[in-house]
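Please look over the sequence and the model shown below before reading on. The paragraphs that follow begin with the ligand and its surroundings, and then turn to the chain as a whole.

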Amino acid sequence: MDSKFLPLHSILAYVALGVLLIAVINAIIGVTSKSLFKPKDRSISLVALIICHVQLVVGLLLYFDSPKFEQWSLLGMKIMKNSELRQLLVEHPVTNIIAIVLITIGWSKHKREESNNGKFKKIALFYLLGLVLLLAMIPYKQWLG
Ligand code: HEM
């Protein structure tokens, strides 16, 4: 039996990746067109941040509720020899926590920037880095298969 949190985590993944992509594209357009950083730009970046944080909480609940978590007590560090368990129990959670930390740093750095272009640049850089890390560690086979 899969964890009860898996369907929510699975659907929120589409939302989080989609909104993050919109925020990155919006920030890159803002940098290149030297636009004013308007309330709409702040809202898009904030919604992406909030959804990532919700996904982080759901991910943590899923981690400890997933039947795969029991493998830690059965196999211990031998988990690292199993590529599927290593991805789901180590690589995916650790990388995604780092990605969400980077996105959060980008959000706080944009607030300290005075210029419109500086604000867009901080969002574009840190959100893009976060998005690349997230995309690199999605268990695609399990998610879409
Ligand atoms: C924005 C961040 C994240 C995204 C986009 C994401 C996305 C995904 C996706 C698409 C799956 C496969 C779902 C399925 O099979 O239907 C998955 C599985 C999983 N995720 Fe995440 N995740 C994120 C963050 C996290 C975090 C922070 C943790 C833990 C701290 C976590 C723990 C897990 C676990 C344990 C599984 C496998 C559960 C199982 O198969 O029983 N995820 N994630």
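The ligand sits in the largest pocket, where a pocket is, on a 1 Å grid over the protein atoms alone, an open set of points with protein on both sides within 12 Å along at least five of seven lines, and where a molecule sits in a pocket if more than half of its atoms lie within 2 Å of its grid points. Two or more residues are given to the shell around the ligand by each of the elements α1, α2, α4 and α6 (140-144); helices here are DSSP runs of H or I with at least four residues, numbered from the N terminus. This is a predicted model, in which local features need pLDDT of at least 70 and side-chain atom pairs count only at pLDDT 80 or more, while totals for chains, interfaces and linings use all residues. Residues are numbered from 1 along each chain as its sequence is written, and side-chain values use heavy atoms, with hydrogens and water left out.

Which residues come nearest to the ligand? Of the 23 residues around the ligand, these are His9, Ser66, Lys68, His92 and Gln142, a residue being near a molecule if one of its heavy atoms lies within 4 Å of it. In the side chain of His9, an N or O atom is 2.7 Å from a nitrogen atom of the ligand.

His9 also takes part in the metal site, since the iron atom of the ligand is coordinated by the NE2 atoms of His9 and His92, at 2.0 Å; donors are N, O and S atoms within 2.8 Å of the metal (3.2 Å for Na, K and Ca), and water is not among the atoms, so sites may look incomplete. This pair links distant parts of the chain, with His9 in helix α1 (residues 6-32) and His92 in helix α4 (residues 83-112), 83 residues apart. Why is the arrangement around the iron atom octahedral? The 6 donor atoms subtend angles of 84 to 180°, which makes the arrangement octahedral, because six donors count as such if opposite donors are over 155 degrees apart and all others between 65 and 115. For reference, the ideal angles for six octahedral donors are 90 or 180 degrees. His9 is buried, with a relative accessible area of 14%, and His92 also counts as buried, at 14%; buried means under 20% relative accessible area, exposed over 50%, and partly exposed in between, with a 1.4 Å probe and protein chains only.

Helix α4 also holds Arg86, which counts as partly exposed at 25% relative accessibility, and Thr104, which counts as partly exposed at 27%. Away from the helices, Lys34 is placed in the loop between α1 and α2 (39-65) and counts as exposed, at 66% relative accessibility. Lys34 has a positive phi of about 50° although it is not a glycine. Most residues other than glycine have a negative phi.

For the overall picture, the protein chain has 6 helices and 0 strands. Its C-alpha atoms fill a box of roughly 55 × 25 × 25 Å, taken along the principal axes, and of its 145 residues 39% count as buried.

Technical notes:
Four donors count as tetrahedral if all angles lie between 85 and 135 degrees; four count as square planar and six as octahedral if opposite donors are over 155 degrees apart and all others between 65 and 115; anything else is irregular. A polar contact is a pair of N or O atoms within 3.5 Å; within protein, one must be able to donate a hydrogen and the other to accept it, and residues adjacent in sequence count only if both atoms are side-chain atoms. On a 1 Å grid over the protein atoms alone, a cavity is a set of points where a 1.4 Å probe fits but cannot get out, and a pocket is an open set with protein on both sides within 12 Å along at least five of seven lines; lining residues have an atom within 4 Å of a point.
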